[in-house]
Amino acid sequence: MESLLIKGGVPLHGEVTISGAKNAVLPIMAATLLTSEPCVIRRAPDLSDVTFMGQILTSLGAQVSIAGGTIRVQAAKIKEVGDYELVRKMRGSICILGPLLGRLRRACVSLPGGCIIGPRPIDLHLKGLAQIGAKITIEAGYVRARAPRLTGGEVFLGGRVGPTVLGTANVMMGAVLAEGVTIIESAACEPEVVDLADFLTAMGARISGAGSPTITITGVKELHGAEHEVLPDRIEAATYAIAAAATKGEVTLLGCRPDHLHAVLDKLHDAGVKTERRGTALTVRRGGRLKPVDVTTLPYAGFPTDVQAQMTVLMALTPGISVITERIFESRFMHVSELARLGADIAIEGPSAIVRGGKPLSGAPVMASDLRASAALVIAGLVAKGTTQVKRIYHLDRGYERIDEKLRKLGARVERVEEP
Ligand code: EPU
């Protein structure tokens with residue numbers, strides 16, 4: 001197993017190009033199942049989750065090639081079974097359910113199982129697909145969905161903590177080939193949902209309202225092949241922005257979408273971080289002393305849960321007390337006990353982390369538990385005195401393209417080593 005060795009204390013300086021978004025490319029890859037014609041996806045990030053989704057599509061019968069940031073898929077003939085051994089490894093793979101149902105009128109996909117960041121039910125996905133005509137049963141750990149006719153209908157996707165991102169993707173992908181009109185209420189508004197809708201539209205789907213809580217889909221008889229460029233990853237951008245601020249550096253993010261980062265930039269600004277936008281470039285600079293800010297994670301356009309761990313590190317470096325409240329995933333504080341090993345003073349009170357910031361961090365071996373927790377540990381390691389060893393970095397490779405190379409280009413002393 002590999003780990004990252006980070007010698008802390010170097011401010012990050014320079015430019016970093018933001019990759020295509022992981023959470024956009026995965027459902028877009030799944031959407032290629034909706035047509036027998038070839039599809040081309042550009043600006044695909046080189047991530048293990050992408051390789052993995054490629055394997056799932058291959059296991060369903062599609063021809064897949066992934067090279068140099070371009071994914072080509074042709075799902076000429078496919079089967080309906082998404083195997084447990086594949087699906088359980090990546091929760092995002094549940095988004096094959098909607099396209100299989102849309103294309104084949106039947107799907108049999110393993111339930112994805114638990115996840116380190118908390119329970120991840122799919123009740124809303126299933127309710128939504130049932131509302132457009134699917135008959136759904138759970139048998140032997142598999143979701144079996146059948147729909148001799150997909151009829152369209154009114155679907156409400158508001159859950160306990162708001163809308164569901166992949167649930168919205170699944171219903172959208174089921175509805176594009178249904179008869180009649182589907183209206184999704186309380187749809188997720190994330191930019192990744194809009195990117196998927198853009199790809200489906202390029203394939204011939206009729207979708208309006210993506211990016212708002214009401215999405216209307218008018219079913220069509222069939223979809224054709226399409227080409228699409230994936231949108232830039234707003235979570236990767238936010239991670240490098242926070243790393244720049246944390247290390248007292250100055251970093252320009254190239255090829256990003258600052259308009260997708262309002263909530264993060266607003267909080268960084270309140271904390272005293274300077275940012276400057278020029279089109280798709282965003283320069284982030286630590287001005288003077290940081291100020292503590294309270295943060296609550298919310299569905300888009302609120303502060304993203306996927307940036308909560310990284311922001312917690314920034315507040316751990318900021319003198320004063322801040323409260324970070326997690327409203328999307330209940331167990332998403334796995335990074336806190338590892339940050340404590342570096343010297344951070346953080347207490348968990350229910351859904352909140354109370355951060356008493358400003359304590360010096362010193363390097364230590366730490367264990368990555370999930371993707372964003374790992375990113376937080378890397379940022380902490382970039383600041384901590386001495387050497388930090390972030391173990392189990394396969395989590396990072398799921399969602400950050402060549403993070404060690406990108407950080408080295410910004411001046412960081414980071415090395416990837418085989419764990420002793
Ligand atoms: N929920 C339900 N029922 C459902 C579905 C979701 O109660 O049927 C709840 C969840 O338990 C959670 C909330 O609704 O409390 C939101 O979950 P959502 O369905 O929106 O999450 P997701 O679609 O499974 C995607 C991203 C996550 C990201 C979340 C929230 C992908 C592949 N994953 O997950 O990304 O945190 O949206 O924005 O798109 C990551 O990249 O590190 C990551 C975990």
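**View 1. Lining of the second largest cavity.** N23, P27, V165, L166, A169, E192, V193 and L196 line the second largest cavity of this predicted model. A cavity is a set of points, on a 1 Å grid over the protein atoms alone, where a 1.4 Å probe fits but cannot get out; lining residues have an atom within 4 Å of a point. The volume is about 40 Å³, taken as the space filled by probe spheres set on the points, with grid points joined across faces, edges and corners. Three helices, α1 (22-31), α6 (165-175) and α7 (191-202), each supply at least two lining residues. Helices here are DSSP runs (H or I, at least four residues), numbered from the N terminus. By class, the lining has six nonpolar residues, one polar and one charged. Ala, Val, Leu, Ile, Met, Phe, Trp, Tyr, Cys and Pro count as nonpolar, Asp, Glu, Lys and Arg as charged, and the others, Gly among them, as polar.

Residues are numbered from 1 along each chain as its sequence is written, and side-chain values use heavy atoms, without hydrogens or water. Local features need pLDDT of at least 70 and side-chain atom pairs count only at pLDDT 80 or more, while totals for chains, interfaces and linings use all residues.

**View 2. The largest cavity.** The count of cavities of 30 Å³ or more is four. The largest holds about 50 Å³. Its lining is T239, Y240, A243, A375, V378, I379, L382, I403 and L407. At least two residues come from each of α8 (234-246), α12 (371-383) and α14 (403-409). α12 gives the most, with four. Eight lining residues are nonpolar, one is polar and none is charged.

**View 3. Packing of α10 on α12.** The axes of α10 (residues 308-316) and α12 come within 7 Å and cross at roughly 25°. Axes are lines fitted to C-alpha atoms over the stretch in contact, and angles run from 0 to 180 degrees between N-to-C directions. The two helices are therefore roughly parallel (angles under 35 degrees). The crossing of α10 past α12 is right-handed, with the near helix turned clockwise from the far one by less than a right angle. A309, Q310 and V313 of α10 meet R372, A373, A375, A376, I379 and A380 of α12, where contact means heavy atoms within 4.5 Å. Seven of these contact residues are nonpolar, one is polar and one is charged.

Terms used. 1 Å grid on protein atoms, 1.4 Å probe; cavity = no way out; pocket = protein on both sides within 12 Å on 5 of 7 lines; lining within 4 Å. Parallel < 35°, antiparallel > 145°, perpendicular 65-115°, else oblique.
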